[in-house]
Amino acid sequence: MLTVKSNLSFEECERRIKERIKTMGLTIFSEIDHSKNAREVGLQLNNTKLILFGNPRVGTLVMQDDQKIGYELPLRVLIWENSEGVFVSGKLVSEIAKEYDIKKTEIVKKMDEVVNTIMNSCS
């Protein structure tokens, strides 16, 4: 898993990531606000949000090699904050693809570039 330190506030980093996802023509499928969920059950957690995104056409092409990789899709990034700052974490598709013996290396390479671009939106 890769982690990038942001130079921005949590809110600005989140805004930039969502904007970048949309400008790249990708879909945000879901957002999970872990810190909000923690508050709802009486617990505290620093700002932590998971954003699930992708392109169904590209994801389908990869799943044609092994449908089980669908467990790992859509792609995701985690924005989180602690006393040291704001961070963005995520996995490169090439890391995930090894587990599933995905042969579409050119597609995986492009998906890695997408993940890197999105993760570095806040640095």
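Tutor: Start with Ser89, which sits in strand β5, residues 85–90. Keep in mind throughout that this is a predicted model. Ser89 has a relative accessible area of 4%. That makes Ser89 buried, because the cut-off for buried is under 20%. Its side chain makes a polar contact of 2.8 Å with the side chain of Thr3. Beyond four places in sequence, Ser89 touches Met1, Leu2, Thr3, Arg76, Val77, Leu78, Trp80 and Met119.

Thr3 belongs to strand β1. Thr3 is partly exposed, at 44% relative accessibility, whereas Ser89 is buried. Seen from Thr3, the polar contact runs from its side chain to that of Ser89, at 2.8 Å. With neighbours up to four places away set aside, Thr3 is in contact with Trp80, Phe87, Val88, Ser89 and Met119. For a sense of scale, take Thr3 and Leu26, which are 23 residues apart along the chain. Their C-alpha atoms are separated by 21 Å.

Met1 lies in the segment before β1, the strand of residues 2–5. Met1 is exposed, with a relative accessible area of 63%. Apart from neighbours within four places, Met1 is in contact with Ser89, Gly90, Lys91 and Glu95. Look at Lys91 in that list. Met1 and Lys91 are 90 residues apart along the chain, yet their C-alpha atoms are separated by 4.7 Å.

Glu72 lies in the loop between α3 and β4. Glu72 is buried but has no salt bridge. Lys91 is the nearest side chain of opposite charge, and it is 5.2 Å away. Setting aside residues up to four places away, Glu72 touches Ile96, Glu99 and Tyr100.

Next, the charged pairs that do qualify. The model has eleven salt bridges. Two of them share Lys18. One pairs Lys18 with Glu14, at 2.8 Å from N to O. Lys18 and Glu14 are four residues apart in helix α1, residues 10–23, so about one helical turn separates them. Glu14 is buried, at 11% relative accessibility. The other pairs Lys18 with Glu31, also at 2.8 Å from N to O. Glu31 lies in strand β2, residues 27–33, and Lys18 in helix α1, so this pair ties together parts that are 13 residues apart in sequence. Glu31 is partly exposed, with a relative accessible area of 35%.

A further salt bridge joins Lys104 and Asp65, at 2.9 Å from N to O. Lys104 lies in the loop between α4 and α5, and Asp65 in the loop between α3 and β4, so the pair ties together parts that are 39 residues apart in sequence. Lys104 is partly exposed, at 24% relative accessibility. Asp65 is partly exposed too, at 31%. Some salt bridges share partners, and these join Glu12, Arg15, Arg16 and Glu19 into one network.

Last, the helices on either side of the loop that holds Lys104: α4 spans 93–100 and α5 spans 105–119. Two packed helices are described by the angle and the distance between their axes. Here the axes of α4 and α5 come within 8 Å and cross at roughly 140 degrees. On the α4 side, the contact is made by Val93, Ser94 and Ala97. On the α5 side, Val108, Met111, Asp112 and Val115 take part. These residues divide into five nonpolar, one polar and one charged.

Conventions. Residues numbered from 1 in each chain as written. Predicted model: local features only at pLDDT ≥ 70, side-chain atom pairs only at ≥ 80, totals over all residues. Heavy atoms only, no water. Salt bridge = Lys/Arg side-chain N within 4 Å of Asp/Glu carboxyl O. Helix = DSSP H or I, 4+ residues; strand = E, 2+ residues; numbered from the N terminus. Buried < 20%, exposed > 50% of the residue type's maximum accessible area, 1.4 Å probe, protein only. Axes fitted to C-alpha atoms, helices over the stretch in contact; angles between N-to-C directions. Contact = heavy atoms within 4.5 Å. Nonpolar A, V, L, I, M, F, W, Y, C, P; charged D, E, K, R; others polar. Lys, Arg positive; Asp, Glu negative; His and termini not counted. Polar contact = N/O pair within 3.5 Å; in protein donor to acceptor, adjacent residues only side chain to side chain.
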